[in-house]
Amino acid sequence: MLDKSNRKIFLRSLSTLVVNSHKEAEGYIMPLNLADFNTKYRISKVCGQEKQRHYLESLGFVAGSEIELLSEIHGYYVVMVKGSKIGIEKSMAKKIILYAA
């Protein structure tokens, strides 16, 4: 059994291992709302209900598309996707899963 300090070290190293395995596979995987500004990403997948996915796909948020987070203002995100600037709310941004381009 691990004591408290060794358990923290073990869990930290385990989480680092998981992150690194994702990093090697296809870059950092994260939702759009956690992305860095002015960095190019690619869309891995779009989650949510079918109606929400269809709405986002109609705006150009499809798997494989390049995307860049430009700014965030009061819970709304301005992104560049397929050459267009689009604003979406935070709840929709959480449904767009990205990896580093």
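The largest nonpolar core has 19 residues. A nonpolar core is a set of buried Ala, Val, Leu, Ile, Met, Phe, Trp, Tyr and Cys residues joined through side-chain atoms within 4.5 Å. Buried means under 20% relative accessible area, exposed over 50%, and partly exposed in between (1.4 Å probe, protein chains only). L32, F61, I67, I88, I96 and L98 touch the most other members of this core. Two or more residues each come from β2 (40-46), β3 (66-73), β4 (76-81), β5 (84-89), α3 (90-93) and β6 (96-100). In soluble globular proteins, nonpolar side chains tend to be buried together.

The model is predicted: local features need pLDDT of at least 70, side-chain atom pairs count only at pLDDT 80 or more, and totals for chains, interfaces and linings use all residues. Residues are numbered from 1 along each chain as its sequence is written, and side-chain values use heavy atoms, with hydrogens and water left out.

Three helices and six strands form the secondary structure. Their order along the sequence is α-β-β-α-β-β-β-α-β. Helices (H or I, at least four residues) and strands (E, at least two) are DSSP runs, numbered from the N terminus. Of the 101 residues, 25% are buried. Contact means heavy atoms within 4.5 Å. Among contacts with a separation of 6 or more, 58% join residues 24 or more positions apart.

L98 touches Y28, I29, M30, L32, A35, Y41, R42, I43, S44 and I67, with residues up to four places away in sequence not counted. N33 sits in the loop between β1 (29-31) and β2. Its relative accessibility is 17%, so N33 counts as buried. Beyond its neighbours within four places in sequence, N33 contacts Y77, K90, A93 and K94.

β4 and β5 pair in the antiparallel sense over six bridges. Pairing requires at least two DSSP bridges between two strands. V81 has S84 in β5 as its bridge partner. Two residues separate the strands of this hairpin, and K82 takes a positive phi near 55 degrees there.

Two salt bridges are present. A salt bridge places a side-chain nitrogen of Lys or Arg within 4 Å of a carboxyl oxygen of Asp or Glu. K40 and E68 meet at 3.1 Å, N to O. K40 lies in β2 and E68 in β3, so this pair ties together parts 28 residues apart in sequence. K40 is partly exposed at 43% relative accessibility, whereas E68 is buried at 16%. The closest N and O atoms of R42 and E66 are 3.9 Å apart. R42 also lies in β2 and E66 in β3, so the pair ties together parts 24 residues apart in sequence. R42 is partly exposed at 30%, and E66 is partly exposed at 35%.
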